[in-house]
Amino acid sequence: MGALKNKRMPRAVREQQMLDAAVRTFGQLGYRAASMDEIAELAGVSKPLVYLYLNSKEDLFTACIRREAQALTGAVMAGVQPDLPADRQLWDGLRAFFTHTAQNPDGWSVLHLQARTHGEPFAAEAGAMREELVAFVTRLIVVAAREAHHDPSLPETEVAGLAEALVGAAESLAAWANATPGVSAKQAAATLMNFAWAGLGDLMEGRPWSPPAKEPAKEPAKDPQSR
C-alpha cells in the first residue's frame, strides 16, 4: 500500500523530497563527497529516478543552491516591514537572516561554503543571491540616509559599500554562530547591530568618521649597522 501511495505522489512533491535529501547530504558531506546513491537512499527513491528528475549531480546541486537562495532571500524580505524606522528594519532583517540560517544549517552550508568553492557556475548562483541581499540592504540604508540628510537625490553609490560590508559581516557571523554552541539568532543579530548601527547611526545623522587630516610622520628606519 505504501509503495502504491509513493507511486501516486505528485512529481513536485517527490522532487522536493529529493532536494531535501540532496541539501542535507551536500551540506553535511560536501559536494565532492556526496554520492547520488546516498541522496537517492535518503529520499527513498531509486538513483535512476533522481537522474530522471534532475539530470545529473551538477544539475541537482544547482537546483539545491537556487532553492536555498530563494528561501533565504524570501525569509529576509518577509521579515522586514517597510513602514518602520531604518534601524528597526535592519534589526528585523538581521533576525530573519540569522533565524533562517540557524534553522537551515545544511542549506546555509550549501550556499556559503559548497557553492563558492566548487566552480564558477555554482559560485555564480550563490553570487546572484548575495547581490539581491546587497541591493535590498542598499535600498534600506539609502532611504534612511536621504531622509536624514534631507537630500532625496543622494545616490545609492554613497551607501553601496556599506551594504556590501554589512552583508559580508552577516555571512561570516552566521557561519560562526552555526558552529558555536549556545549562540542564538537574536544574539547574532544583536552583535551585528552593535557592531554596525553605531556607525551607521552617526552616518545617518551626518557625523561620518573621517581619517586624520594629517598622518603622523613616521620615524626613519634605523640602520642596523649603526648599532
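**Figure 1. Residues around the largest cavity of the predicted model.** The lining of the largest cavity is made up of 13 residues. Nearest the centre of this cavity lie Val76, Gly93, Leu94, Phe97 and Val137. Helix H6 (86–103), helix H8 (120–149) and helix H9 (157–179) are the elements that give two or more residues to the lining. With five residues, H6 gives the most.

**Figure 2. Volume and residue classes of the largest cavity.** The structure holds two cavities of 30 Å³ or more, and the volume of the largest is about 140 Å³. Eleven residues of the lining of the largest cavity are nonpolar and two are polar.

**Figure 3. Residues around the second largest cavity.** This cavity holds about 30 Å³ of space. The residues that line the second largest cavity are Glu68, Leu72, His100, Thr101, Asn104, Gly107, Trp108 and Leu111. By class, the lining has three nonpolar, four polar and one charged residues.

**Figure 4. Helices that contribute to the second largest cavity.** At least two residues of the lining come from each of helix H5 (57–78), H6 and helix H7 (105–114). H7 supplies three residues, the largest share of the lining of the second largest cavity. H6 is also among the elements that give two or more residues to the lining of the largest cavity.

Conventions
Residues are numbered from 1 along each chain as its sequence is written. This is a predicted model: local features need pLDDT of at least 70, side-chain atom pairs count only at pLDDT 80 or more; totals for chains, interfaces and linings use all residues. Side-chain values use heavy atoms; hydrogens and water are left out. On a 1 Å grid over the protein atoms alone, a cavity is a set of points where a 1.4 Å probe fits but cannot get out, and a pocket is an open set with protein on both sides within 12 Å along at least five of seven lines; lining residues have an atom within 4 Å of a point. Grid points are joined across faces, edges and corners, and a volume is the space filled by probe spheres set on the points. Helices (H or I, at least four residues) and strands (E, at least two) are DSSP runs, numbered from the N terminus. Ala, Val, Leu, Ile, Met, Phe, Trp, Tyr, Cys and Pro count as nonpolar, Asp, Glu, Lys and Arg as charged, and the others, Gly among them, as polar.
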